[in-house]
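Here are a few friendly notes to read with the model open beside you. Take them one at a time, and find each residue as you go.

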Amino acid sequence: QVQLQESGGGLVQAGGSLRLSCVASGGTFRSYVMGWFRQAPGKERVFVARISVNGGATYYADSVKGRFTISRDNAKNTVFLDMNNLKPEDTAVYFCAADAPPYRSEDYWGQGTRVTVSS
């Protein structure tokens with residue numbers, strides 16, 4: 001059974017930065033497309049970023065392009081989300097997710113880490 005554990009959330013002022021990490025265990029990390037999603041209070045969970053199995057391709061929601069960077073370290077079974085120039089509207093619980101072959105949808109989810117951006 002694959003387990004995903006996020007960390008790195010916290011309280012930060014607008015304009016600040018945070019780095020989220022997600023460590024995977026119990027599976028074949030290098031075969032997973034990894035993604036980050038977020039859920040703001042009272043809203044649905046939405047896509048933030050995705051990275052291909054070898055890190056060669058990345059995709060971002062328009063709302064975070066130019067500010068967030070997704071990366072991965074397959075040797076450490078870890079995916080990262082570097083968040084810069086944070087805005088109050090980035091406040092949410094951030095979840096990492098793993099999409100296993102045949103890559104139809106996210107198969108595994110973490111418990112989430114909370115990010116709060118104060119104005």
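1. A term to start with: two strands count as paired if DSSP finds at least two bridges between them. Keep in mind that this is a predicted model. With that in hand, look at strand 7 (residues 68-73) and strand 8, which pair in the antiparallel sense over six bridges. Together they form a hairpin with four residues between them. In the turn, Asn77 has a positive phi of about 55°. To see the pairing for yourself, find Thr69, whose bridge partner in strand 8 is Asp82.

2. Next, look at another partner of strand 8. Strand 3 (residues 18-25) runs antiparallel to strand 8, and six bridges join them. Here Ser21 stands opposite Phe80 of strand 8.

3. Now go back to strand 7 and find Arg72. Which side chain of opposite charge is nearest to this residue? That is Asp73, 8.3 Å away; a salt bridge needs the charged atoms within 4 Å, and Arg72 has none, although it is buried.

4. What does the side chain of Arg72 reach at 2.9 Å? The backbone oxygen of Phe29. The side chain of Arg72 also makes a polar contact of 2.7 Å with the side chain of Asn74.

5. Finally, check the surroundings of Arg72. Leaving out residues up to four places away in sequence, Arg72 touches several others, including Tyr32, Met34, Ile51 and Gly55.

Key:
Residues are numbered from 1 along each chain as its sequence is written. This is a predicted model: local features need pLDDT of at least 70, side-chain atom pairs count only at pLDDT 80 or more; totals for chains, interfaces and linings use all residues. Side-chain values use heavy atoms; hydrogens and water are left out. Helices (H or I, at least four residues) and strands (E, at least two) are DSSP runs, numbered from the N terminus. Buried means under 20% relative accessible area, exposed over 50%, partly exposed in between (1.4 Å probe, protein chains only). Lys and Arg count as positive and Asp and Glu as negative; His and the chain ends are not counted. A polar contact is a pair of N or O atoms within 3.5 Å; within protein, one must be able to donate a hydrogen and the other to accept it, and residues adjacent in sequence count only if both atoms are side-chain atoms. Contact means heavy atoms within 4.5 Å.
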